[in-house]
Amino acid sequence: MAVFEASVELACSPETAFEFLAQPENIRLITPSSVMLVFDAAPKRLSLGARMKFRVQAYGVVRSAVHEVTVWDEPRKFVERQIEGPTGAWEHEHLFEPTAHGVRVTDRITFSPPGGMLGLLINERKMRETLEAGFEHRHLELEK
């Protein structure tokens with residue numbers, strides 16, 4: 001499986017960053033509009049065992065997925081894992097580390113491309129490029 005990691009340092013407390021990212025509506029607000037993220041079912045605030053059912057546009061096609069929060073260590077980290085969706089595997093670890101100027105937010109995603117014919121078009125390199133662009137946008141929005 002491949003691993004993608006991106007970090008940003010924010011001028012706020014780990015608790016503030018954690019609280020912001022624990023709310024699915026805020027994730028939608030910092031996601032590039034081209035992704036067209038829509039939550040079909042999600043709690044107002046995540047917690048251990050919470051599930052999010054959502055749709056995104058990826059590579060010109062709308063895809064559905066369900067993620068479940070499998071680790072909850074507030075305000076240090078939480079992990080969401082794909083339990084239904086288009087990729088072969090997807091686990092997103094959100095880490096919050098205090099720094100001298102605030103908090104370093106690190107996103108670590110372990111993934112594998114979809115199988116079958118779709119996997120020929122959407123390979124690891126393509127997924128990594130999409131993640132890089134998406135998290136560059138996300139981090140700029142978080143800094144605001």
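Which residues does leucine 21 touch, not counting residues up to four places away in sequence? Leucine 21 touches Ile27, Ile30, Leu46, Phe78, Phe96, Val105, Arg138 and Leu142, where contact means heavy atoms within 4.5 Å. The model is predicted, with local features requiring pLDDT of at least 70 and side-chain atom pairs pLDDT 80 or more, while totals for chains, interfaces and linings use all residues. Residues are numbered from 1 along each chain as its sequence is written, and side-chain values use heavy atoms, without hydrogens and water.

The largest nonpolar core holds 21 residues. A nonpolar core is a set of buried Ala, Val, Leu, Ile, Met, Phe, Trp, Tyr and Cys residues joined through side-chain atoms within 4.5 Å. Buried means under 20% relative accessible area, exposed over 50%, and partly exposed in between (1.4 Å probe, protein chains only). Leu21, Phe96 and Val105 touch the most other members. A second, separate core of 10 residues includes Phe4, Ala6, Trp90 and Phe111.

The residues lining the largest pocket divide into 26 nonpolar, 12 polar and three charged. Here Ala, Val, Leu, Ile, Met, Phe, Trp, Tyr, Cys and Pro count as nonpolar, Asp, Glu, Lys and Arg as charged, and the others, Gly among them, as polar. A pocket is an open set of points on a 1 Å grid over the protein atoms alone, where a 1.4 Å probe fits, with protein on both sides within 12 Å along at least five of seven lines; lining residues have an atom within 4 Å of a point.

Two backbone features stand out. The peptide bond from glutamate 74 to proline 75 is cis, with omega near 0°. Methionine 36 has a positive phi of about 50° although it is not a glycine.
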